[in-house]
Amino acid sequence: MFDGTAPAAASPVEPSPVAPDAVDEATERQFNLRLRHPERLSVYAEHSRRSAAFREACPGVQLNRPYGPGARAVMDVFPAGQGAPILVFIHGGYWRTLDKDIFSFIAAAYVAAGVTVIMPNYDLAPQATLGAITAQVQGMLRAVVEDAPSFGADPGRVVLSGHSAGGHLAAMAALAGPTGVVRGLAPVSGLFALEPLLRTTVNRDVRMSAEDARSLSPLWLLDRLPEPPSFPLSLLVGGDETDGFKQQSRDFRNAWTARGGAADITHAPGTTHFTVLDALAAPASPTFAAILSMLGRT
């Protein structure tokens, strides 16, 4: 969810149906991080620099490959050889901003470890509703599975990851995904219960109703699965995150294990909501090892 202004990918701000008195200031401080982290723009810039260098160096990369209709229904494919398993990483930005190009750097270590990495874009709020965005990303996963042989990857071994709002989208896609395909879910500082955001200025762009916030929450979907989750959950959270973001991951982990699934949380020391992705990209991190294990790599 990389909440903040981003290079060129930012969505325009429009008037909101959320009344000013609907904003709860304590909740706003937990989930709207722009004022708390003015350094986020320099983090974006460094990630963008590393990402551009990796795109230039990655053999066989396929940029902006369409997966559906529309200008933003495209994905980058970073291949790791014939039969490689797949990691799908979904960028954040509170469903309203940012772009996959900022985050290509994450793929470097996974490709070196024999994992093909997919990074999609998706439509943004307020032009697209959250329900439409969620459905679009679920369609992206189906397209990846169908198209995997054409870029040499194994369609039966997929792990989904995503940051913040991207963690929400990854969880929704994984829980509704094709049976027997998803081998693991690894959200990074994700959002799994959306009701608190109704009381923040974030909803001026996202425009969720109370019913949207309930039915589009991974916690709600998890509770309605007919069987326990068939794949493990590995959560990554910045050690210096707000209590609100940490609680989101704890609650999702607890609900997952209550349904009989395997789940763990890693707190990356000294990282914020914006720098925690460096831990996802680091080969020495527990989350990196967990993802490789989910995909049958060591």
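The dialogue below takes up pockets, ring pairs, a helix, backbone angles and contacts in turn.

Guide: This is a predicted model, in which local features need pLDDT of at least 70, side-chain atom pairs count only at pLDDT 80 or more, and totals for chains, interfaces and linings use all residues. Residues are numbered from 1 along each chain as its sequence is written, and side-chain values use heavy atoms, with hydrogens and water left out.

Visitor: What volume does the largest pocket have, and which residues are closest to its centre?

Guide: On a 1 Å grid over the protein atoms alone, a pocket is an open set of points where a 1.4 Å probe fits, with protein on both sides within 12 Å along at least five of seven lines; lining residues have an atom within 4 Å of a point. Points are joined across faces, edges and corners, and the volume is the space filled by probe spheres set on them. Here the largest pocket has a volume of about 320 Å³. It is lined by 16 residues, of which Leu175, Thr179, Pro228, Ser230 and Phe231 are the closest to the centre.

Visitor: How does the lining of the largest pocket divide into nonpolar, polar and charged residues?

Guide: Ala, Val, Leu, Ile, Met, Phe, Trp, Tyr, Cys and Pro count as nonpolar, Asp, Glu, Lys and Arg as charged, and the others, Gly among them, as polar. The lining has 11 nonpolar residues, four polar and one charged.

Visitor: How many aromatic pairs are there?

Guide: A pair of aromatic rings is described by the distance of the centres and the angle of the planes. Rings of Phe, Tyr and Trp (its six-membered ring) pair if their centres lie within 6.5 Å; planes under 30 degrees apart count as stacked, over 60 as edge-to-face and the rest as tilted. This rule gives nine aromatic pairs. One of them is the tilted pair of Phe54 and Phe78, with 5.4 Å from centre to centre and 35° between the planes. The pair links distant parts of the chain, since Phe54 belongs to helix 2 (residues 40-57) and Phe78 to strand 2 (residues 74-78), 24 residues apart. Helices (H or I, at least four residues) and strands (E, at least two) are DSSP runs, numbered from the N terminus. Elsewhere, ring pairs join Phe192, Phe231, Phe252 and Trp256 into a cluster.

Visitor: Are Phe54 and Phe78 buried or exposed?

Guide: Buried means under 20% relative accessible area, exposed over 50%, and partly exposed in between (1.4 Å probe, protein chains only). Both Phe54 and Phe78 are buried.

Visitor: Which residues of helix 11 are buried?

Guide: An α-helix has 3.6 residues a turn, so residues three or four places apart point the same way. In helix 11 (residues 286-294), the buried residues include Thr287, Phe288, Ile291, Leu292 and Met294. They lie on the same side of helix 11 because they cover an arc of only 160° around the axis, the arc being that of the directions from the helix axis to the C-beta atoms. Pro286 and Ser293, which are exposed, are on the face turned away from the buried side. Just after helix 11, Gly296 has a positive phi of about 80°.

Visitor: Where does Ser189 lie, and what is its phi?

Guide: Ser189 has a positive phi of about 50° although it is not a glycine. Its place is the loop between strand 6 (182-188) and helix 6 (203-206), and Ser189 is buried, with a relative accessible area of 0%. Arg207, also not a glycine, has a positive phi near 60°. Arg207 lies in the loop between helix 6 and helix 7 (210-215) and is partly exposed, at 34% relative accessible area.

Visitor: Which peptide bond is cis, with omega near 5°?

Guide: The bond from Ala125 to Pro126 is cis, with omega near 5°. Pro126 is in the loop between strand 4 (116-120) and helix 4 (130-147).

Visitor: With which residues is Gln136 in contact, leaving aside its neighbours within four places in sequence?

Guide: Contact means heavy atoms within 4.5 Å. Gln136, in helix 4, is in contact with Tyr67, Ala73, Tyr122 and Asp123, leaving aside neighbours within four places in sequence. Gln136 is buried, with a relative accessible area of 14%. By the same criterion, Arg50 is in contact with Phe105 and Asp278, apart from neighbours within four places in sequence. Arg50 lies in helix 2 and counts as partly exposed, at 29% relative accessibility.
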